[in-house]
Amino acid sequence: MHLRPWTHRLHPPLSKYGTRTPFATSTRRQSGKALPHLSAENSNGIRAYITSSFLESLIVAVEDISEEQLYRPSLLCRSSAHMATWSNGATQPQLSLTVAPSQTLSDTSQCLDCSLRACLQGENKTALELSSHLSWIKIDPSLRGSADNYDVHPSNSPETDVSPGGTYQYQAFRERTSIRILSLKPASDPQMELQCELIETDRATAETYEALSYVWGKDEFPNILHLEGGYIKITASLASALTALRLIDKERNLWVDAVCINQGDELEKGHQVSMMAKIYREAAGVLAWLGQETKVFELQTAGLLNLSRMAINIGLINVNDSHHELLKRWIRSTQDGFKMAVDMMRMANLWNFWTIYSSSWFTRMWIVQEALLARQLTFCYGACALHWDDFERVMILMYSIGESLHLPIESRDYFFKFGWNIVTVRDHYRRRLTEETDTGSEIAYYATQLNRRQCKDDRDRVYALLGILARDRNLHIQPDYSKSTVRVYLELARNALRLGHIGLLYEAGLCRRLSFAPPDLYTHPETGIQDLSKYLPSWAPDYRKSIASVVHVHGPQFSPAPLTWTPRFGTTFGKDPYICASITLPEDAPHRLITRGTLVDIITWVEPASFASSEVLRASHLDMFFIMRRFCKRLKEKFDSNVIGQSYPGGCEDLTRAFAYALVGGGTDDEYNKTFNLISSEQINPLDLWINYEKCSIEEDGEVYQAMVWERQNPEAEGKVNGVSYNFYSTGSKEASRAWSYNHHLVRIFRNHRFFMAADGYAGLAPLNTKDNCDDSVAFLDGANVPFVIRHLGDDTLDWALVGPCYVHGVMDAKAAMENKSFGGRTQIHLV
């Protein structure tokens, strides 16, 4: 046995959901002083290393000398209260370590069979002894690696930090289906210490418990949670939640990830995280902790409950799509509905729910599955509580008013980004439970919807979805933080496409990226070696938050706008019912996708809208009306001049009709249906809408045009919202109201699309970054039910980049396109 400084570096353990956090350190640590190190070996060549960061935590690394491999270190045990006497100036501890003579690592299920004896002598010269048998530590040979890859860092991990009093020692689970329940002791005074008990139980037979959903906050642990046999240091956020949630007269059973999972045991943590979806789903309820109670929270809760009661009084009892659309119709079609809607919006502005919407709980990625899986969800802040039903009802009420009258509310950004987002995603998840769904489309939906949410690691934008997508076990995705973000995204795309989930392609493409460099630019100019480790192909979705902004073009300038690109046509993107996918994913070229498809036409002209630029993205309704009016006039003129012949290609369709349908993507998306069909109780086709818009808005004697001219000439008139007076909404004709709604619908479309025309005269909607220099073409990829814009990457290559899905009027049937001899024909397409 010998004692010497240890210079190997060790991996720190994983934090909450796999991110790495460092080992514990003490304020007593002496800077620059080497870590005590001890090693022992047996006759079979098995060597164990024990290190201690001044005995605050003990770490083991095991080496099989015969294989020259150092196995990943594991946390063995933490110092007891007796061992905490180590301090500056204390004598070096006397450690002795033995390894069982018969120990080998040939059986991966074996444990390291060794024991440690430590003799400590503190400043008071009192010798204390500790003997610990360490046979419960399992060695995983799959985690072998070079000693140079290991590192030790300081950590604030609650269960590894030690100060006098005794850190709680977790016991290994007896069964793989076991979980721990935190029994929170009652307290009559909020100033009383947090007392609790951790109870191991089988998940399937656990007593009734509630699961806590909260934001961890900073990696600082200033508060103490007292348990039988020790204590755990916890964050201020968790301490405030537990203090507020404990009852006066009885215990409360909770599941809290930071405490119920041993954060210092990587194997346990990985297994428990894989069960989290079931834990939250089986809980009696989920408590969403928004923060400490304030007077503002109390007032805003009262305001939300008041609006919820008003919503019930006007018939919004069951919060489903039909009631939602009926509410919109009532608001738009009756004087009483309009007046009440304006009053409710004023009340919302007065109460200003910003404090609730802007709670960091709404912004986090990981809380989504916790909210979606909950049987009952309750928002808690201090002593205030708000049930999900009331919150959802108010969200739908405010959204319906805003969509019906195009009136803003305070804090609209937070409302739509986080509050409303939770409502729509939770509703989507509930409806999909009883439907057959394409997993690729589901991954794409959630990743896009949750793109703006915060998470420290972009890999969690995939890993945080696994609990929601648990029905498809064939994806075989397990969190692995040793992989790069690009590799995680690429493997997800390849796995999903192998299983036939072609819906994933609709969330890929250059339309969702700020920049793209083709594979040949990843070749070193001197060595000629191509390194694609950081290259994510165009056909693989990029979920990183940094690409949530797409590039819009305004004149010659490129300016990013804070939008997530959303197609404004079609109701379902997925598999074609007649044509099977033909996808090949070469193992020796993982960035390449080979498929067959039908080339339709080359894009020769695209027209971007000026308001797609960020400079005018927030323009008032009044200004936006005149911008859209000029855009539509210019678009119609250029369309007429580019059409070949007197009718639209493929038949004898009238040019005005073809233009009207191409302008709105055929009227095929949900928003069109909700705005112009369900609400009006009529079936209004795109041609009638365009003719009405020309009459009311483009012609100079039109009702809407005249009203907007008056608004511009009278900027100081009373009762204006976003540049338009209330009087316009309440006194305008039915035709004027329809033209006004059409104007707003076009704004939504052209913030996400460019109008284009192809060489043979076809027209439609393409992604914003579509080009018209003959590099971009329209093609059907086998298995997909809508066409794509694809970009040829050069005359000397067969490679194409995926730009994004598009709408081509008259050419939205893949089977008909395949059989159309006038198109470019069938071909093999290499996407990179």
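This is a dialogue about how to read several features of one predicted protein model.

Reader: Before looking at any detail, what kind of model is this, and how are its residues numbered?

Author: The model is predicted, so local features need pLDDT of at least 70 and side-chain atom pairs count only at pLDDT 80 or more, while totals for chains, interfaces and linings use all residues. Residues are numbered from 1 along each chain as its sequence is written, and side-chain values use heavy atoms, with hydrogens and water left out.

Reader: How many helices and strands does the protein have?

Author: Helices (H or I, at least four residues) and strands (E, at least two) are DSSP runs, numbered from the N terminus. Here the secondary structure comes to 23 helices and 29 strands. Buried means under 20% relative accessible area, exposed over 50%, and partly exposed in between, with a 1.4 Å probe and protein chains only; on that scale 55% of the 832 residues count as buried.

Reader: In what order do the strands of the open sheet of nine strands lie?

Author: Two strands pair if DSSP finds at least two bridges between them. The order in this open sheet is S13-S12-S10-S9-S14-S11-S15-S16-S17, and the pairing is mixed. Its edges are strand S13 (230-234) and strand S17 (384-387), each of which pairs on one side only. Axes are lines fitted to C-alpha atoms, for helices over the stretch in contact, and angles run from 0 to 180 degrees between N-to-C directions; with direction ignored, neighbouring strands of this sheet are turned by 35 degrees against each other on average.

Reader: In which sense do S15 and S16 pair, parallel or antiparallel?

Author: Strand S15 (residues 285-291) and strand S16 (residues 377-381) pair in the parallel sense, over five bridges, and Leu287 stands opposite Thr378 in S16.

Reader: Which strands does helix H5 lie across?

Author: Contact means heavy atoms within 4.5 Å. Helix H5 (residues 295-313) lies across S16 and S17, and runs at about 25 degrees to S17. Helix H1 (residues 236-245) lies across several strands, including S13, S15 and S16, and runs at about 120 degrees to S15.

Reader: How many aromatic pairs does a search of the whole structure find?

Author: Rings of Phe, Tyr and Trp (its six-membered ring) pair if their centres lie within 6.5 Å; planes under 30 degrees apart count as stacked, over 60 as edge-to-face and the rest as tilted. The search finds 30 aromatic pairs. In one of them, the rings of Tyr489 and Tyr543 have centres 5.3 Å apart and planes at 70 degrees, so the pair is edge-to-face. Tyr489 lies in helix H15 (residues 485-498) and Tyr543 in the loop between H15 and strand S18 (550-554), so the pair ties together parts that are 54 residues apart in sequence. Both Tyr489 and Tyr543 are buried. Tyr648 and Tyr762 also form an edge-to-face pair, at 5.9 Å centre to centre and with 90 degrees between the planes.

Reader: Which residues of H17 are buried?

Author: Seven of the nine residues of H17 are buried, and the helix is mostly covered. The buried residues are Leu655, Ala658, Phe659, Ala660, Tyr661, Ala662 and Leu663. They pack against several elements, among them H16, helix H19 (686-698) and helix H22 (734-750). At the start of H17, a side-chain oxygen of Asp654 reaches to within 3.0 Å of the backbone nitrogen of Thr656, and H17 is followed by Gly665, whose phi is positive, near 60 degrees.

Reader: Where does Arg657 lie relative to the ring of Tyr661?

Author: A charge sits over a ring if NZ of Lys or CZ of Arg is within 6 Å of the ring centre and within 35 degrees of the ring normal. Arg657 lies over the face of Tyr661, at 4.2 Å from the ring centre, and the charged end of Arg712 sits over the ring of Phe626, 3.9 Å from its centre.

Notes: Polar contact = N/O pair within 3.5 Å; in protein donor to acceptor, adjacent residues only side chain to side chain.
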